[in-house]
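Here is a short report on a structure. Take a look at it before you read on.

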Amino acid sequence: MADIAARGAVTATGDSRSSLHKLMQRKSTIAFLMALPLMLLILLLVAYPAGYAVYLAMLNKGMTKFVGLGNFDFLFGRETFWMVVYQSCLFAITAVIFKAIIGFVVAHFVHNIPSKGQRKWRGMLLVPWVIPPAMSTLAWLWLFDPSYSAFNWILAGFGIDRIPWTGETGWARFSVILVNVWIGAPFFMIMYLAALKSVPEQLYEAASIDGATWWQRIWYVTLPMMRNIIAITALFSLIVTFANFDIVRVLTKGDPLNTTHVFATWAFRVGIESGDIPLGASVSLFMVPILAVAATFILRDITKRGSEV
Amino acid sequence: MAQVTLRKVVKMYDEVQAVRGIDLDITDKEFIVLVGPSGCGKSTTLRMIAGLEEISGGDIAIGGDVVNDVPPKDRDIAMVFQNYALYPHMNVYENMSFGLKLKRTPKDEIDRRVKQAAQILDITELLDRKPKQLSGGQRQRVAMGRAIVRDPKVFLFDEPLSNLDAKLRVQMRTEIKKVHQKVRTTTVYVTHDQVEAMTLADRVVVMNAGLIEQVGSPNDLYHSPATKFVAGFIGSPAMNFIPCHLEQAAGALRVRVSDTLSFPVPADRTSRYTAHAGKANLILGLRPEHIAETRPHIEPNQHDFTIPIDVVEPMGMETLVYFTIEGTEVCGRVNPNAGAAAEKPMKLRADLSNMHLIDDSTGKVL
Amino acid sequence: MANATIASPTATTISGRRYGSMSRDRKWALRWSYFFLVLFAIFFLTPPIYMFITSLKTSAEISAESNPWWVYSPTLANYIELLTQNQYLTFFRNSAIVAVLTVLITMAISVIAAFALARMKFWGSATLATGVFLTYLIPETLLFIPLFKMFAWVNETFGIQLMNHWWTLIILYPTLTVPFCTWIMIGYFASIPKELDEAALIDGATWTQTLTKIFIPVALPGIIAATIFCFTVAWAQFLYPLAFTTSTTELVLPVGIVTTLIKGDVFNWGQIMTGALLGAAPPLIIYAFLMDYYIAGLTAGATKG
């Protein structure tokens, strides 16, 4: 497209132009320049720091000498580290499963009601995703308050003992997952709703005539048609949840006793609050293998989408 | 026994009546075609028989049982959709066996039925392919196979050939007819193409604006249309409608279409038409095939006339000629060697034994 | 053509089973749908509503034993205190400036990059496109530590203090927003037919004119969606400001509320909730008015891949 204009400009003004000018006029050069800021941004502020993180992870605490894999050895020996690995995976996998289920179920209900009302409901149900996570986590923190929890007040009305939402390990982990699901389920709902709408109505009609009940229609028509979207959304969410910082930081700060720490928050504690940057870098680096695996699957699924009917 | 009965069936969408009260009796094993222009209610009627649309009024019965409140899956019907509606993630075999699988039919029984249907439709080599690997015609056959395998009481076809190109359509039409001869099941077939209707049907139901205009065998509809709509809808090219007057002169009736041209009314119709002589809004209906070139021997009820031709359309096996009578364009079909030429007068012969007289104020054929 | 009269609908059974009216079944399915939707709506909306309720309470009422779900003596004191207090307004101002500038920078970089990647072929464009996508998957929680060190190095080498200034964030936020915005817009731009550009060129436009007069208006929905997303992400950022800004004058809203309003062990919940609600307000207001663009942006990311 641009080369037609470019060529026109060159010939119109004669050919006494320098070769540099000709180079500037070529379409691919212009395109390259347009993409240059993006490339610089990614190189300087993403790719380089990522590589730098690897280097940092291999320094000692004072950053004076190179210790190779010393930091990693140290981490493997720390019980807290393994707890962090366990907790990060636990939160991510559990949260994504629940988010997917709730998202799917709610998307179905929204899809069932007449289209005029759908917009309203969709709007209301997406609110958790719109509010900045740090703000809404504060609300949950207040709802979980040890002394004044509004939830405990309701439970007391039924004669149930107050629950230590953030005080006790089991409940604290539950609360982190709950807030995670609360924030993320609307995203799943929106994605699944869009996918539900793209399944041709006639397939459901054909299945009805073939004898399928509502449950069989979901199992044999809806789910297979949505397989791709389900996978992509789940993987996206897995990555985001796995690397999540805000919720744990605001809700529990990793307590009680480091039983709710995830990679991100523990790296912050160790790297910035305790001032051991190389160790912090090592911790956050552990996220990379898992994220890389998830990313490969996403890429493969997204390209596969194009070739499906 | 799989007869289908419709009694006073009505379908309303909000304030609009898409189907305005139709009565129809379809006998067992009959191939009946619902035909009409877009929006006439034929697809809606079909979908009500299938249970995909709710019935606003009236009753529909399949095999003697009223099915108004019965969900589609319990009506023992099978449907072939315009867009085939094949499950994209299943291969042909799985698509065809889906319904039986849901009914927990034993696997060898499923296998036997699928293979049998595949043989009838000549798709046995396609059984392990996915729909996206098939051509349009192949997909349509798989859709039919899915229906045959179910061995239902009624087959429902919703404009199945509309998505195919012209040549394929003609081919598939014959296939469908062959299948019906082998698998004798009551069939309700919807199309907007009157050629399909005429070639496939035992009986044709012409629908217009939510009502049935006429029900009859293809021949009946062709030769004895009851309304102007049916007369103009059936037959291609369409019947000519020429405004006319009935004159009585010397005891004989003539149809006058212009100051210079009139045709004698056949003797056997004189008594029928005399009552309408002198009425306004009369239309002479004459099919193009009954306006042809002159031949050596003239038959009774044929009348020759000369008229300048406007446009000539050679079709290969015949030539269509278009001329004007008092502002109305008229079409005739002549032998390609009859020497028809644009803007030259030509001598034509009208065969009035097949004429129709229509009262335009009521739309009825007299 | 005669047939036996049809028996009355309600009395007929087929294979021995009774059937209810199909429309009655559908009505019940609808009622269940609404019932569950209400339940989920309660689940999703309770925290923000509770934020609002709390923001209207006095400290006394908050620590009382009364029903926390009701406001007995509503007051606007919390709002007034926060809004007249310089600190909160500083946070708000910082957030606003940072978010707006981030949006401008991000859109400037993303739009032209997306245009180049979607419609022009150049050396490495396919790799770059995949690279953009992969970047989105590298979380901030991986990068903040090396960036921390890099900024320290810049300070040592060039004497520029990047730490503890709110405008540093403007450098950092685009790393989070540019990849996804570029990705969304590549999808949108690629779906605009090339014939549009060609028609414009034949009509005599230069390619700059094509870009500004034809292309951008048509791509506007995608651009708006990306802008909204960018603003929301920038506004909600927590980790980077927490790591890189410490003095109260430099804080942005999320960090400000969490750190300053929680003084030691004393939580002033009334003010915290008010602060949080006001902090959540801008994205919510944008959402209320531009909901369709918001949702389009979300679904574009994964489906237009």
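## A residue in chain C

Is Val103(C) buried or exposed? Val103(C) counts as buried because it has 24 C-beta neighbours inside 10 Å. A residue is buried if 20 or more other C-beta atoms lie within 10 Å of its own, exposed if 12 or fewer, and partly exposed in between, with C-beta atoms placed from the backbone.

Val103(C) sits in helix α4 of chain C, which covers residues 86–119. Leaving aside neighbours within four places in sequence, Val103(C) is in contact with Thr227(C), Cys230(C), Phe231(C) and Ala234(C). Contact means that two C-beta atoms, placed from the backbone, lie within 7 Å. Phe229(C) is 126 residues from Val103(C) in sequence, yet their C-alpha atoms are 9.2 Å apart in space.

## About the model

This is a predicted model: local features need pLDDT of at least 70, side-chain atom pairs count only at pLDDT 80 or more, and totals for chains, interfaces and linings use all residues. Residues are numbered from 1 along each chain as its sequence is written, while chains are lettered from A and ligands numbered from 1 in the order in which they are written.

## Chain C as a whole

Chain C has 12 helices and two strands. Helices (H or I, at least four residues) and strands (E, at least two) are DSSP runs, numbered from the N terminus. From that end, the order is α-α-α-α-α-α-α-α-α-α-α-β-β-α.

Of the 305 residues in chain C, 43% are buried. Take the contacts between residues at least 6 apart in sequence: in chain C, 76% of them join residues at least 24 apart.

## Chain B

Chain B has nine helices and 21 strands. Buried residues make up 40% of its 366 residues.
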